[in-house]
Structures are given as C-alpha cells and as structure tokens.
Amino acid sequence: YEWSYRSVLRYFRAKYPLPRIRTYRRVETPPGAQSQTDWGEFPQVDVGNGIEPMHAFTMALGHSRKTAVVWSRSEDQLGWLSCHNGSYSRLGGVAAVNRIDNVTTASAQGAGAWGVINDTYRTYARAVGFHIDACQPRQGNAKGKVEAKVRLARLRVDPTGKRFGSVEELQAWTDERLEAWCRKAICPATGLTVAESWEQEIPHLAPLPIMPEPFDVVVTRPVHR
C-alpha cells in the first residue's frame, strides 16, 4: 500500500464502528487503595511577574476520582515534595499506594517495578506512609485516571491568558474551580458525584501525618551508640 497509515486509520474509522470491548479496560480500585500522580505543563502563565512556565502537579484518588492540582514553578525535588504535601492536604488523607511516572525526582535508576527509587523520595514516602508504585516505561494507560485529570486541568483550570497577582491567587482560583467540578461530575465507580464519593472514601484514607518539610537531599551518617 503506497499511502500513509493515517489514511488507513481514517478509512477504518469511517467504515467500521467502535469495538465492543475497550482496548484498555478501566481498573477500579477499592476506597483508599490508590492515588495516581502526574505533571502537566503550562508554558505561558502570568502570576504577577510576566509570562513564565508553570507546572501543575496533579494527584487523583483512584476510587472516587477526587483530584488535587497544585502549582509549582519547578519540577525539581523541592517542587515534587511540596506538591505532594499540598495534594495530600487537599485530599484529606493518604492512599495506601501512589502510582507515579518514572520521573527523576522519584527514580534513581531504571523504571517500573525493577527501578530504584531515590533515597529522598523513599524517605518522604516512609514519613508520610504510602507505598510507591512506578509505572512501566511508556505505559501511560497504567495511570489513566490521572492522565484524564491532567486533561481535565487543561479544560477547567488552564490559566493561559489570565493574569494572577501571585501563585497563591492562582492556587485559590484552581481549588475553587476543581471543587465546583467535583460537585457536578459523576464517579463511574459509584454513580454518585465525585464529591459524594470522596466523602465516602475519606474514612478509608490514612489520616494526614504531620507533613514533613520538603527537602531535596537525604544522607546517612554513622553515629556512636
């Protein structure tokens, strides 16, 4: 066939109906079992100092779909941990497992189940009380719920073209819009709104510990008994 793959794709989409079974089946998790985490990038945001890139850290609970979006100027280690703190505070507790992408702020070497989690993130997870579950490489569908919420952020809380006086003002605007979405959106696992489903999930989350101050270096030192 001399033409492109896209031509074949357009032909099949026009001629044949959607498959009866999804290519990827949606996996539902019990209340309090899992959160999923990802970054979204917004390159042109005005938070009082002119246009600059901002990063939207997104954490979604796998059961209720309750979502937190926390803004950061950087995706470095301090930004990564600070956004975790902000997300857990907004979600009202800690899920048993946090599924992540293979970002350098979490993985020191390798990827997925055979990767090595870096000492800083491992220490943070131990302090907060969750297990780290890194996705396999190039398998974004393994954290499809948060991928969908990153797309949701682009629809609901995209700050491009708006002007904010500070990052705190942008954050308050974001929290308000997400709260309104939670009261209207329906959770496919429960048939209730996301807000109602989250209220039922909260008792299954581990209570918030005293959140550790974000840190970017972890070292060990031998000491005398």
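## Basis

The model is predicted: local features need pLDDT of at least 70, side-chain atom pairs count only at pLDDT 80 or more, and totals for chains, interfaces and linings use all residues. Residues are numbered from 1 along each chain as its sequence is written, and side-chain values use heavy atoms, with hydrogens and water left out.

## Overall fold

The protein chain holds six helices and seven strands. Helices (H or I, at least four residues) and strands (E, at least two) are DSSP runs, numbered from the N terminus. Their order along the sequence is α-β-β-β-α-β-β-β-α-β-α-α-α.

The C-alpha trace spans about 75 × 45 × 40 Å along its principal axes. Of the 225 residues in the protein chain, 41% are buried. Buried means under 20% relative accessible area, exposed over 50%, and partly exposed in between (1.4 Å probe, protein chains only).

## Surface patch

Y1, W3, V8, Y11, F12 and Y16 form a nonpolar surface patch. Together they have about 750 Å² of accessible area, from the Shrake-Rupley method with a 1.4 Å probe, where only the protein chains shown count as cover for residues. Like charges are joined within 9 Å, nonpolar side chains (Val, Leu, Ile, Met, Phe, Trp, Tyr) within 5 Å.

Y1 sits in the segment before α1 (5–15). Y1 counts as exposed because its relative accessibility is 69%.

## Cysteines

A search of the whole structure finds zero disulfides. The test is a pair of cysteine sulfur atoms within 2.5 Å. For C135, the nearest cysteine sulfur is that of C83, 18 Å away. For C182, it is that of C187, 10 Å away.

C135 is buried, at 3% relative accessible area. C182 is buried too, at 0%.

## Second largest pocket

The second largest pocket has a volume of about 210 Å³. On a 1 Å grid over the protein atoms alone, a pocket is an open set of points with protein on both sides within 12 Å along at least five of seven lines. Grid points are joined across faces, edges and corners, and the volume is the space filled by probe spheres set on the points.

Lining residues, with an atom within 4 Å of a point, number 16 here. I117, R122, H131, I132 and D133 are the closest to the centre. β6 (116–117), α3 (119–128) and β7 (131–134) each supply at least two lining residues. β7 gives the most, with four.

Definitions and conventions
Patch = residues over 30% accessible without salt bridge, like charges linked within 9 Å, V, L, I, M, F, W, Y side chains within 5 Å. Salt bridge = Lys/Arg side-chain N within 4 Å of Asp/Glu carboxyl O. 1 Å grid on protein atoms, 1.4 Å probe; cavity = no way out; pocket = protein on both sides within 12 Å on 5 of 7 lines; lining within 4 Å.
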